[in-house]
Amino acid sequence: MIKTITTGITLFWGLFAALFCAAAAAAPPADFSFEAGVPPAFACAAGSRAETTTARFKDGERSLKWSWESPSQLVLTDPDRLTRSAQTPGAGLTLWIYNPAAADADLHFAFETAAGTIPYYFDFHLDFTGWRACWIKYIDMQGDHASRELARLVVSTPAGVPRGELYFDRMTFAVRKLNDRITPDRQMPDNNRHLSRPPWHWTRLWEWEQYTYETPLEEPAPEERAEVRLVEARLDQAVREELPAERAIRRTLLPRALKTFENARIRRTAEGIAGAPLVSNDEYRPGDLRNSDLEQMLYAFALGNAALGDTTCEERFFLVFDHAVDQGFAYGSGQGTNHHYGYSVRRIYDAAWLMRERIAARGRTEEYARVLAYWSGLQETRRPYVRGRDELLDTWHTLLRPRTVSALLLPSDAERCRALRGLSVWLSGSLAYTPGTIGGIKPDGTAFHHGGFYPAYSIGAFAALGDYCRLTAGTRYVPAESARRCLKHALRTLAVCTNRRDWGLGLSGRHPFAENARIPDPDVNAMGYLAALGDLTGSGRSSDPELAGDYLRLGGTDPRLDARFAAEGIAPAAAPEGFFVLNYGAAGIHRRDGWMVTLKAYNSDVWGSEIYARDNRYGRYQSYGTVQIIGSGEPVTAYESGFSQAGWDWNRPPGATTIHLPWELLESPRPGTLMERNPVRFAGTSSLEGRNGAMAFRFVERDYPRFTPGATARKSVFCFDNRLVLLGSGIENDNPHYPTQTTLFQLRLDARDEAIGVNGDPCGAFPLDSTVSGLRVILADTKGNFYVVKGAPVRILRQPQQSPDDKGRALHSGDFVTALLDHGCAPRQAGYEYAIYIRPSASEAERLTQADDYEVLRRDNAVHAVRDRRTGTTGYVCFEAFSGQGFVRSIAPETILMERPEDDRRRVVSVCTPDLGLTEKSYTTAQSAQPLQREIVLDGDWEIAHEHPDIQLLPTDGGTRLVVTCRDGQPVEFRLRKR
């Protein structure tokens, strides 16, 4: 039965939801407010006193000031609050501390029981000035953790410091699990030690700060100084080319920044500086500042000074920067949690670059450069990249330009040169194929983020990599050749997956239909910038003709590249053709004649869709064996091909077999993130000769609320030129309430009388809900594609549709035409067979009304097998073991085999399992894909035309046994000849 009970289960560590909800959901108030005086729970031992003050604050307008002569203690007695917090799994203390005078000493925190034992304690280092976050879970504190019945918290003065004062604010003893991205910092470097995964890259800044360069600091040679000047000049040009128009600065950017500035009341005082508190998104409450507010103000004030010559903007720039440092955007700080901050600080680095001369004139270069380098993570590049490091796309996307700026802002040429060399080496190391499902570029060219093939994240990352290539061209700081080849593979794979720039729903992650479901200009330009670094094909040109051709075909926008490639005689590349296997994404791309088909499945290593609380909330089915054709428009777009969100029925992606649910049941069952994986390993694609291919897909729905546990189907798609044969078997579930359907197509109608063809007759009635039956039902969609359905009734819908958007549930309407196969409620062993002919010629269209161009050899729960008559290619999708007569006697289970005779004595064969062989089934794993063997028995005595390291041939009972080793989900292709 379908589950309809909502639960509060979160995926893995409650990952990602907080990031995108934090700005809208205010954090709860602190446990202790100091606005009305010192709370009665606080008491001071001899030698110290506590009072409230307006001199410093992180909450409201007052904080608790503790003045002391050592030794002394500040004691908080609140047994109920402390015990309730300590008994909450994953909870702990959150607090902000202001230190007016740095000391190389530790503040000691001890949680005591009524009996005086200390089950939890920790130290907080005081070598800083300004505000610092003190966030720590009980599990990460020292002590025996023997009791959770706590009576008091005792804070002891630092040893060796005779007197001093500290300020406390925003003190909370959480009664909920604290964010897993609590950030170790200079004050508590060993914090957050009990994660069930490696720490996120955002939280490793202080760890990386311990890295040292392997090369000593030395004066660079004149030629390297000249190269640094060249990079600086290009960076300056790039930053200035990106400046908004003066009108936008005056009328929009500056007024908004001034409003934020005035509301924050940032000002210099007798005590130093004051203003609205700066906190991370996880702690934000109305009236606070976030890093995005800093970025807004600093960039606008830098623009006002650099572009408009406004000296008041200069003063405000330094005031805001100093306030940020005082508030904890400082060297060595962690801000409690600082995850994903890269997305909201990028323009701070451009601002600092624009203001670099003013910073130097005030003698602040070393101080500001230290802060900026720290938050950019430049210190990570003091060592070469360490294989296995996750989340690379975020770093490339948000921090590569900041790291470059930070390197160039360092005070001396020697430091700048060494930093750029380190950055180049680190970047080159990161541009290598990464193992398993961690972030980065995979051996098939897919780019991973969040444990999946995710073009929506790669596009920003590729733009940043292209920007780096442009800045460093002709210098020693360019990525190494091996890195450029890896990046080229990824860029060309992205180009293969889009038509012209749009990719299909199956690859859209949590961004269906949105602008970031297409390649933007900067990422197309990245292909040109990489091409300009040099040829990687051996063509003899100074630019890579393949990358340059892709740049031109996709409409790159840099006139300097256009002129260069024209001078070299490079023309726009033709649209890709062939079948492309992308099994790190359980996907395949089939292309001909300007059209593209995206095939998408999911398995035990590859999630089907990424669903957030406010993104793609109805996108459950986007990888349920979807088959989407994008090939219409000038230029071609997904929209012109009939796909748009307003009115889209999320239950009916083309090619998918789904249970048609009401929106409240289709919506994500989790309040956070859902990235559903399939317990079945065997799902993905294979190809033959790079021209034709096949997809295998079997799924079993998980036991989640709102799902139908155990719902299953076995599906395949065979692609031969412009002919697709789609088979289904074993479709069954026990949902008696909602029908199971296989969608042939769902396309937007631009006019209600836009007709389709039904058995040769136009059908333009609107609205329409009709079922067409027959041994052979032939449909023509609105884009020139034909569908031939064998022995099953086809339901045709032409109707207005209303559906919720993927973010806010707002209802939108549109007119659509849909064709589907209805398997009924709770089907048992249902199946289907139909073919798609993409843009057939008139003669093809006439022929297919009478006969098929293919033959189905088998369609059962063990094997789907199809022979294409026109190419002579046969494909086998073996969910279980195959045995039969003819050329192929047997095939091991979970294998895709394709073969084609070249003549009576020669055959070309490919063998593939899309399974990556990963045994670590976690959110992400750095485990490398494992080689998997598949055994095939062929009739007759065969030998390999050319030796292949992954194939063994053994004679067996009048036949030939092949043992094929498959790697990385890629087909092993070879030619055989008869002995």
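Leucine 582 lies in strand S16, which covers residues 578-582. The model is predicted. In this model leucine 582 counts as buried, because its relative accessibility is 3%.

**Leucine 582**

- Beyond residues up to four places away in sequence, leucine 582 touches Asp444, Thr446, Phe453, Thr493, Cys497, Ala587, Ile589 and Thr685.
- Leucine 561 stands 21 residues from leucine 582 in sequence, and their C-alpha atoms are 30 Å apart in space.

**The open sheet**

- Five strands form an open sheet in the order S1-S4-S9-S6-S7, and the pairing is antiparallel.
- Strand S1 (42-44) and strand S7 (120-125) are the edges of this sheet; each has a single partner strand, so one side of each is left without a neighbour in the sheet.
- On average, neighbouring strands of the sheet are turned by 20° against each other, with direction ignored.
- Strand S6 (residues 106-112) and strand S7 run antiparallel and are joined by 6 bridges.
- Histidine 108 has aspartate 123, in S7, as its bridge partner.

**Helix H10**

- Helix H10 comprises 12 residues (365-376), which should span 16 Å at 1.5 Å a residue; the end C-alpha atoms are 16 Å apart, in agreement with that value.
- The buried residues of H10 are Tyr368, Ala369, Val371, Leu372, Ala373, Tyr374, Trp375 and Ser376.
- An α-helix has 3.6 residues a turn, so residues three or four places apart point the same way.
- The cover over the buried residues of H10 includes helix H3 (205-209), helix H7 (311-327), helix H8 (346-354), helix H9 (356-361) and helix H11 (392-409).

**Cysteines**

- The count of disulfides is 0, where a disulfide requires a pair of cysteine sulfur atoms within 2.5 Å.
- For cysteine 44, the closest cysteine sulfur belongs to cysteine 134 and is 18 Å away, which is too far for a bond.
- Cysteine 44 counts as partly exposed because its relative accessibility is 32%.
- Cysteine 417 is likewise in no disulfide, and the nearest cysteine sulfur, in cysteine 469, is 20 Å away.
- With a relative accessibility of 1%, cysteine 417 counts as buried, since buried means under 20% relative accessible area.

Conventions:
Residues are numbered from 1 along each chain as its sequence is written. This is a predicted model: local features need pLDDT of at least 70, side-chain atom pairs count only at pLDDT 80 or more; totals for chains, interfaces and linings use all residues. Side-chain values use heavy atoms; hydrogens and water are left out. Two strands pair if DSSP finds at least two bridges between them. Helices (H or I, at least four residues) and strands (E, at least two) are DSSP runs, numbered from the N terminus. Axes are lines fitted to C-alpha atoms, for helices over the stretch in contact, and angles run from 0 to 180 degrees between N-to-C directions. The expected span of a helix is 1.5 Å times one less than its number of residues. Buried means under 20% relative accessible area, exposed over 50%, partly exposed in between (1.4 Å probe, protein chains only). Contact means heavy atoms within 4.5 Å.
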